[in-house]
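Thank you for having me, everyone. I would like to walk you through one structure this morning, a piece at a time, so please keep the picture in view as I talk.

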Amino acid sequence: MLLKRTHTCGELTKEHVGEAVALNGWVDAWRDFGGLVFIDLRDRYGVTQVVFEPEAGADLQAQARELRNEYVVGIRGKVAPRLAGKANPKLKTGEIEVRAVELVVYNASPTPPFEINGPEPNEELRLKYRFLDLRRPDLQRVFVMRHKIGQTMRRTLSDLGFLEVETPVLGRSTPEGARDFLVPSRVHPSHFYALPQSPQLYKQLLMVSGFDRYFQIARCFRDEDLRATRQPEFTQLDVEMSFVEDQDVMTTMEGLIAALAKEFGGEELTLPLPRFKYHDVMERFGSDRPDLRYALELKDLADVAEQTEFRVFQQAKEAGNRIRGLCAPGGGEKYSRKDLDGLTEFAGTFGAKGLVWLKVEAETFAGPTAKFFKPEVQAQLRERFDAKAGDLILIVADTQAVTSQALSNLRARLAGELKLYDPKAFHYSWVIQFPLLAWDAEENRYVAEHHPFTMPLAEDLPLLDTDPAKVRAQAYDLVINGEEGAGGTIRCHDPVIQSKIFALLGLSPEQAEEKFGFLLSALRNGAPPHGGIAFGYDRLVMLYAGLTNIRDCIAFPKTAKGTDIMTGAPGTVDLRQLKELHIRST
């Protein structure tokens with residue numbers, strides 16, 4: 001028998017005292033005091049204390065004594081105030097209890113492998129029993145927020161005139177980008193669909209079709225190595241607009257960003273958001289997604305270094321490499337010699353062959369290399385970094401790429417360890433004008449920095465023929481606290497420019513027609529200027545929920561190896577299925 005609930009377990013207050021109610025939920029805790037049996041009944045809305053009194057009958061009390069944690073039950077009873085001094089101010093329902101007159105056990109449960117309201121279990125156990133893990137109130141609050149973020153996205157974009165359109169999940173595999181997940185066709189032997197890495201081409205075709213403002217909360221798939229902020233299947237808010245330039249897309253999207261920041265970050269944004277050029281942030285922070293909640297800017301030290309007799313610096317200059325550094329306030333007092341050895345090892349994981357460290361003291365520098373820095377050089381370094389006694393200067397001499405990677409990662413680590421920012425604060429900015437192309441030495445060809453459908457800056461179009469490496473793209477990324485919150489570009493609506501970019505990427509005209517003939521045909525048939533952006537839905541939830549791992553805001557995520565240990569996916573299939581798909585496993 002089902003006792004249909006009249007209220008949730010997070011709803012009842014003193015205003016309901018005297019009412020007959022029915023509740024459904026899971027037993028969160030139970031206590032037997034001989035004459036009285038108490039249970040805490042939990043659903044996703046909260047917890048309500050239920051008491052089974054002797055007056056309700058011996059049979060009901062006997063039933064209640066059989067209950068255990070995670071039993072699923074329904075109860076019927078009357079709301080009463082808690083005894084004096086027994087209220088629980090931590091609960092919305094903490095001033096009342098329900099005195100039960102009826103109990104129905106819908107399902108029993110063995111002792112769970114971990115406490116739902118206890119310490120967080122290890123990740124493997126959590127993912128194996130994800131259906132239990134998702135009962136944890138902290139996680140359920142994350143998914144309530146996820147839902148609300150989606151509602152805000154839909155409401156805001158709909159108010160701005162965007163239409164939500166679904167695009168295919170089964171499409172064609174195309175070169176460039178990450179590795180595709182392939183789906184074999186049963187009716188077309190040796191042919192495969194590809195799951196979408198994004199709805200990129202379809203949304204461009206929608207612009208050609210006259211749908212000038214499109215959005216979709218889209219499922220996407222990429223067969224690539226995982227990390228804390230990446231999953232093989234993920235969700236993005238996909239947006240496209242016609243008759244726009246890059247500034248139009250950013251300005252329009254700032255309305256959505258401001259709405260999200262107000263509702264979930266608790267702040268009123270000042271618009272427009274700051275815009276930084278790619279070259280500038282790489283020089284100042286060593287990263288195209290810098291966390292700007294703190295300073296710690298990188299400085300070029302080539303002019304200072306040449307005044308020293310330090311051989312490492314001389315060799316770097318002779319090799320045409322960079323000499324760059326940063327100054328960590330208070331780092332000289334914080335870090336011991338052992339700690340500094342750890343920082344040196346950390347920098348080495350990003351390719352740095354060494355790390356020069358100098359502790360700034362009142363009159364001089366301390367450190368194993370301080371003897372190479374004459375007083376006048378030390379004075380220049382103090383001025384360059386505005387360094388104070390107790391600070392720590394770190395220097396890397398290596399290639400542009402290595403100095404950027406090593407110092408940007410040191411910058412992030414130091415800021416956290418030295419508590420240089422409020423972890424609950426948010427900083428939003430745009431990074432613009434990325435390179436259009438990057439040279440892949442292994443493949444001996446250019447590859448797209450964002451994707452092959454990006455329009456160059458108008459003033460850089462002549463460079464496609466003379467110096468492609470210097471071409472800047474009409475590309476823009478939204479950076480939130482050092483994470484890429486969104487990324488977009490203005491697309492090539494001109495088939496001639498698009499064909500030229502395909503050629504630079506190593507595609508012959510025949511290959512371009514074979515892979516992208518449908519797109520080129522659409523561009524030849526009246527394509528408007530258009531561009532768009534995609535927001536990382538999962539990543540936004542992670543940031544606003546204060547999480548460090550994206551798996552905690554995806555209901556059923558994969559492990560770091562791309563497996564689902566709860567269901568056993570990926571799994572084997574029988575030979576009959578393979579034969580139907582014309583596939584033989586090797």
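The UniProt record, in an unreviewed entry, places the feature "binding site" at Glu176, Arg222, His450 and Arg491, and since annotations of this kind may be inferred rather than shown by experiment, I will treat them as a place to start looking. Please also keep in mind that what you see is a predicted model.

Where in the chain does arginine 491 sit? Its place is in the loop between strand S21, which covers 483–490, and helix H15, which covers 495–504. Arginine 491 counts as buried because its relative accessible area is 2%, and the cut-off for that word is under 20%. Which side chain joins that of arginine 491 in a polar contact of 2.8 Å? The partner is glutamate 240. If we leave aside its neighbours within four places in sequence, arginine 491 is also in contact with a number of other residues, among them Gln200, Lys203, His451, Phe453 and His530.

Now to the sheet that contains strand S21, which is an open sheet of eight strands with mixed pairing, in the order S6-S9-S10-S22-S21-S20-S17-S11. Its edge strands are S6, at 163–164, and S11, at 275–277, each of which pairs on one side only. Strand S6 runs parallel to strand S9, residues 213–221, and two bridges join them, with leucine 163 standing opposite tyrosine 214 in S9. Helix H4, residues 137–159, packs on this sheet and touches S6, S9 and strand S10, and the direction of H4 makes about 150° with that of S9.

Next, a word about cysteines. How many disulfides does the structure hold? The number is zero. Cysteine 220, for instance, is in no disulfide, and the nearest cysteine sulfur, that of cysteine 553, is 15 Å away. With 1% relative accessibility, cysteine 220 counts as buried, and cysteine 9 is buried as well, at 0%.

Is S16 mostly covered or mostly uncovered? Strand S16 is mostly covered, given that six of its seven residues are buried. Strand S13, residues 322–328, runs antiparallel to S16 and is joined to it by seven bridges, and here glycine 325 stands opposite isoleucine 395. Strand S14, residues 356–360, also pairs with S16 in the antiparallel sense, over four bridges, and leucine 358 stands opposite isoleucine 393.

A loop residue deserves a moment too, namely threonine 308, which lies between helix H8, at 302–305, and helix H9, at 311–318. Threonine 308 is buried, with a relative accessible area of 5%. A polar atom of its side chain lies 2.8 Å from the backbone oxygen of alanine 305, and a polar atom of that side chain lies 3.3 Å from the backbone nitrogen of phenylalanine 310. Beyond its neighbours within four places in sequence, threonine 308 is in contact with Phe313, Gln314, Phe372, Phe373 and Val377.

I will finish with helix H17, residues 537–544, which is largely enclosed by the rest of the structure because eight of its eight residues are buried. After H17 comes glycine 546, whose phi is positive, near 70°.

Conventions. Residues are numbered from 1 along each chain as its sequence is written. This is a predicted model: local features need pLDDT of at least 70, side-chain atom pairs count only at pLDDT 80 or more; totals for chains, interfaces and linings use all residues. Side-chain values use heavy atoms; hydrogens and water are left out. Two strands pair if DSSP finds at least two bridges between them. Contact means heavy atoms within 4.5 Å. Axes are lines fitted to C-alpha atoms, for helices over the stretch in contact, and angles run from 0 to 180 degrees between N-to-C directions. A disulfide is a pair of cysteine sulfur atoms within 2.5 Å. Buried means under 20% relative accessible area, exposed over 50%, partly exposed in between (1.4 Å probe, protein chains only). A polar contact is a pair of N or O atoms within 3.5 Å; within protein, one must be able to donate a hydrogen and the other to accept it, and residues adjacent in sequence count only if both atoms are side-chain atoms.
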